[in-house]
Amino acid sequence: MLLVCSGRCGGRLFRALFAEVDVDSGGGYQDHRIAQPGYICLNCGSPAVDLSEVPAEMDAEAAADEPPAGADILCPVCETLVQVDAGMECPNCGAPLEVA
Ligand SMILES: [Zn+2]
Ligand SMILES: [Zn+2]
């Protein structure tokens, strides 16, 4: 797990939400279980994000967004035919290419 504040405040302490904590008759901590995952930044109160889970989600999004391999598009600036999987900039004029 790698928690970061979604507000990017740099806070390094987080509070687990929805965790059920078991205590003994003296209030001593015994055990806990996560009823539902969720954390907030103790510094600013923003929701925290678990970075260790993000790469998988970003991969899934990238895969969904990716155009078919080898697709060619025309540069809107210089009209060079560019292979999309070669990069997101026109190799001829350096214009950013928008993949529809
Ligand atoms: Zn924060
Ligand atoms: Zn171009």
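Thr80 counts as partly exposed because 14 C-beta neighbours lie inside 10 Å, where a residue is called buried with 20 or more other C-beta atoms within 10 Å of its own, exposed with 12 or fewer, and partly exposed in between, the C-beta atoms being placed from the backbone. This is a predicted model, in which local features need pLDDT of at least 70, side-chain atom pairs count only at pLDDT 80 or more, and totals for chains, interfaces and linings use all residues. Residues are numbered from 1 along each chain as its sequence is written, while chains are lettered from A and ligands numbered from 1 in the order in which they are written.

The protein holds 1 helix and 8 strands, taken as DSSP runs numbered from the N terminus, with helices being H or I of at least four residues and strands being E of at least two. Read from the N terminus, the order of these elements is β-β-β-β-β-β-α-β-β. The protein has 100 residues, of which 6% count as buried. Two residues are in contact if their C-beta atoms, placed from the backbone, lie within 7 Å; among contacts between residues at least 6 apart in sequence, 40% join residues at least 24 apart.

Thr80 belongs to the loop between strand 7 (72-74) and strand 8, and, leaving aside neighbours within four places in sequence, Thr80 is in contact with Cys75, Cys90 and Asn92. Leu81 lies in strand 8, which covers residues 81-83, and counts as exposed because 10 C-beta neighbours are inside 10 Å. Not counting residues up to four places away in sequence, Leu81 touches Asp72 and Leu74.

| Pair | Apart in sequence | C-alpha to C-alpha |
|---|---|---|
| Thr80 and Asn92 | 12 residues | 7.0 Å |
| Leu81 and Asn92 | 11 residues | 9.5 Å |

A further topic is the backbone angle phi. Most residues other than glycine have a negative phi. Arg8, although not a glycine, has a positive phi of about 55°. Arg8 is placed in the loop between strand 1 (3-5) and strand 2 (14-16), and is exposed, since 10 other C-beta atoms are within 10 Å.
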